[in-house]
Amino acid sequence: MSLIKNDEAIKAEVINRLKNIFDPEIPVNIYDLGLIYKIDFAIIDNYRHASVEMTLTSPSCPVAEGLVEQVRYVTLSVEEIDEVNVNLVFDPPWDMSKMSEDAKEIMVASGAAI
């Protein structure tokens, strides 16, 4: 018996995988850091396309290309997703208020200023 997942279940799986990507300079995953703004899906020609809107802590982030590629890769690794488009945006700009409470606690515990 095949279990067909709805968009919310697929989104939860994407988020779970995104939580394994870390900014190399900050001990927090990119999802809890607040770098993922939106995850949407569309069915086009019987294929599920994912669109991920993300930002960076700084427009001059030296690992920007690598982070975008990791987001694309882990999103595409979800079985139900056939295509992924990652949109890198800087509006609204990222700030620390976008971090989850868990991320803030990790930052404080690691000695980082927030």
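Buried means under 20% relative accessible area, exposed means over 50%, and partly exposed lies in between (1.4 Å probe, protein chains only). The structure is a predicted model, in which local features need pLDDT of at least 70 and side-chain atom pairs count only at pLDDT 80 or more, while totals for chains, interfaces and linings use all residues. Residues are numbered from 1 along each chain as its sequence is written, and side-chain values use heavy atoms, with hydrogens and water left out.

**Exercise 1. Classify the two partners of the salt bridge between K98 and D95.**

Step 1. A salt bridge requires a side-chain nitrogen of Lys or Arg within 4 Å of a carboxyl oxygen of Asp or Glu. For K98 and D95 the N to O distance is 3.8 Å.

Step 2. K98 has a relative accessible area of 29%, so K98 is partly exposed.

Step 3. D95 is at 34%, so D95 is partly exposed.

**Exercise 2. Find which elements the salt bridge between D7 and R48 links.**

Step 1. The closest N and O atoms of D7 and R48 are 3.2 Å apart.

Step 2. D7 belongs to helix α1 (residues 7–18) and R48 to strand β2 (residues 47–54); the pair is 41 residues apart and links distant parts of the chain. Helices (H or I, at least four residues) and strands (E, at least two) are DSSP runs, numbered from the N terminus.

Step 3. D7 is partly exposed at 34%, whereas R48, at 15%, counts as buried.

**Exercise 3. Locate K104 and E101 and state how exposed each one is.**

Step 1. Their side chains form a salt bridge, 3.6 Å from N to O.

Step 2. Both residues lie in helix α3 (residues 101–109), three residues apart, or about one turn of the helix.

Step 3. K104 is partly exposed at 24%, and E101 is exposed at 53%.

Step 4. Elsewhere, salt bridges with shared partners join K5, E13, R17 and E80 into one network. The whole structure has seven salt bridges.

**Exercise 4. Describe the sheet and the helix α2 that packs on it.**

Step 1. Three strands form an open sheet in the order β1-β2-β3, with mixed pairing. Two strands pair if DSSP finds at least two bridges between them.

Step 2. β1 (36–44) and β3 (83–88) are the edge strands, each pairing on one side only.

Step 3. β2 and β3 run parallel and are joined by six bridges. S51 stands opposite N85 in β3.

Step 4. Helix α2 (residues 64–76) touches β1, β2 and β3, contact meaning heavy atoms within 4.5 Å. The direction of α2 makes about 150 degrees with that of β3. Axes are lines fitted to C-alpha atoms, for helices over the stretch in contact, and angles run from 0 to 180 degrees between N-to-C directions.
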